[in-house]
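Q: Hey, I've just opened this one and I'm new to it. Can you walk me through it?

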Amino acid sequence: MLNRRVIQKTVEIGMACAGVAIIGTVAYLTAPIPAVIAATTPAHSSPGYSQEIAPLLNKNCGSCHSSTRHKGGLVMDSYDSLMRGGKHGQVILPHDAKASRMIRMIEGEDDPQMPLESDPLLPAQVAILKAWIDVGAPGPAANETTEVFKQPSIPDIHPEVKVVSPVTSVRFSPTGDLLAVGGYQQVRLIDPASENLIATLPGHADYVRSIAFSPDGSLIAAAGGAPQSQGEIKIWNVQTHQLLKTLQGHKDCIYSIAWSPDGKLLASGSYDRMVKLWDVAAGKELINLQDHIDAVFAVAFSPDGKRLASASQDRTVKIWNVATGKRLYTVSDALDGLTSVAFSASGDQVASAGYDKTIYIWRLAEDDGHLSRSLIADEDGLLALIWSPDDKTIVTASSDGSIRFRDAATLNPIGVIDKQSDWVQALAISPDGKWLAAGRYDGSLSLYDAKSYKPMKDPMTVFDPPQRTNQKQASEAGK
């Protein structure tokens, strides 16, 4: 089958041979497509960035050159990023369209021809880009607000039958007397001893995929956000249940957050491939760590707070210097995407696991890390991994329906909780190492004795209010 580009080139050559002037006036170029020209050709001689150039780039280049997928290092989210160019240098040379890399690739003079694996731009569209560059490639006017890549419109679809939210995240407070459970658009705070509901923290954009308590236990951060739109981190006061601030900056949902040991920073990993460090007090982004080439599913601070580990679908764990934001090194022994990462209590080792069913433990040095031990641990992919506070045990949850306990030093099995009712997506262990919380896709939550592996009580459905919750508690939960 002939490529569309080949067909178009053949047609254009045929027209030239028939005596038709391909490089004639713009009026001729628009004759076959008057509707397009009416919409895209400006009345004035100089095309405007906001009205003509930005929409054209959005439609034809956005899938490969946005901040979430910056092929060749080129980002076209804004005029400034477009003019900076990519890893090969500037793509636009003001006043010289013919020599501009963008035009040369669009016209096929440089390989590969752009847009890649898509229909080529129409001659009239190329003419608009050339005219804009030749007059100096001016940016938007001072009074213009230009959003190159518009957020998609997502319909609000409500199920016709009652649906129980999956448990997507769990975390014990630093004192162990509070359990935070994340689900669809809310976090529930539960007393783990009585299983009574204490409060509901509502208003999240989508699933709350990760939870972190501040080291002193006074604040709780809950992260998620709308897929393919915007990540968010909401920070709540644990005692008053009041929302203090919302942090936004990721261009896709956040899968993992971690609080630094000194309580000053939050780290976040997102499906947009970015890792960000946030100043909690100021409520602003400090550093954007860009090196992963696929979704980041897990982040963790070292016990001393000097290093950050991030695990990704790209099969790597990257170790970062927190103070500088510099990537120190990458460990990449995994054969498939990684879902979890955890530091040992001593801070000299990091463990990770993911879809290749394998637990990896690397010993970390100042300038590199080496694989210390690994084990194919389950019959299916590993969804979660945690390291016990005493450094002795690694606990994993697998899509084979099991929770397994292993000796951290040898990875030998020491216990199993089998036949889970659904995938266990979220694991947490209490600070004293006595309780294990397991949240499932079917919306159920179980608390286990972390030593005997026996359930403390029957599983509970978190996001259906427990019957034992009195009227006063229910009122407080709705605040």
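Predicted model: local features only at pLDDT ≥ 70, side-chain atom pairs only at ≥ 80, totals over all residues.

Q: Ok, which residue does Lys318 meet in a salt bridge?

A: Asp291, at 3.0 Å from N to O. A salt bridge here is a side-chain nitrogen of Lys or Arg within 4 Å of a carboxyl oxygen of Asp or Glu. The pair links distant parts of the chain, 27 residues apart: Asp291 is in the loop between β13 (284-289) and β14 (296-301), while Lys318 is in strand β16 (residues 317-321). Those labels are DSSP runs numbered from the N terminus: helices are H or I with at least four residues, strands are E with at least two.

Q: And is Asp291 buried or partly exposed?

A: Asp291 is partly exposed, at 30% relative accessible area.

Q: How many salt bridges does the structure hold?

A: The structure holds 10. One of them joins Glu107 and Lys130, with the closest N and O atoms 2.7 Å apart. Glu107 lies in the loop between α6 (101-106) and α7 (123-134) and Lys130 in helix α7, so this pair ties together parts that are 23 residues apart in sequence. Glu107 is partly exposed at 27%, and Lys130 is partly exposed at 28%.

Q: What about Asp206, which residue does its side chain meet?

A: Asp206 meets Arg209 in a salt bridge, 3.9 Å from N to O. Asp206 is buried, with 15% relative accessible area.

Q: Which residues are linked in a network of salt bridges?

A: Arg104, Glu109 and Asp110 are.

Q: Back to that loop between α6 and α7. Where does Gln113 sit?

A: Gln113 is in that loop between α6 and α7, and counts as buried at 18% relative accessibility. A polar atom of the Gln113 side chain lies 3.1 Å from the backbone oxygen of Ile106.

Q: Ok, new topic, strands. Which strand do five bridges join to β14?

A: That's strand β15 (residues 307-312), and the two run antiparallel. Two strands pair if DSSP finds at least two bridges between them. Val299 has Ser310 in β15 as its bridge partner. The hairpin of β14 and β15 has five residues between the strands, and Gly305 there takes a positive phi near 80 degrees.

Q: Why is β14 described as largely enclosed?

A: Because six of its six residues are buried, β14 is largely enclosed by the rest of the structure.

Q: What does β15 pair with over five bridges, in the antiparallel sense?

A: β16. Ala309 stands opposite Ile319 in β16. That hairpin has four residues between the strands, with Arg315 at a positive phi near 80 degrees. Four of the five residues of β16 are buried, so β16 is largely enclosed by the rest of the structure.

Q: And which strand pairs with β16 over four bridges?

A: Strand β17 (residues 327-331), again in the antiparallel sense. Trp320 has Arg327 in β17 as its bridge partner. β16 and β17 form a hairpin with five residues between them, and Gly325 in the turn has a positive phi of about 80 degrees.

Q: What's the strand order in the open sheet of four strands?

A: The order is β6-β7-β8-β9, with antiparallel pairing. The edge strands are β6 (210-213) and β9 (243-248), and each pairs on one side only. Inside that order, β7 (residues 219-226) and β8 (residues 230-237) pair over eight bridges. Ala226 has Gln230 in β8 as its bridge partner.

Q: Last one: which side chains does Arg188 join in polar contacts?

A: A polar contact is a pair of N or O atoms within 3.5 Å; within protein, one must be able to donate a hydrogen and the other to accept it, and residues adjacent in sequence count only if both atoms are side-chain atoms. The Arg188 side chain has one of 3.0 Å with Gln186 and one of 3.3 Å with Thr200. Arg188 lies in strand β4 (residues 179-190) and counts as buried at 9% relative accessibility.

Conventions:
Residues numbered from 1 in each chain as written. Heavy atoms only, no water. Buried < 20%, exposed > 50% of the residue type's maximum accessible area, 1.4 Å probe, protein only.
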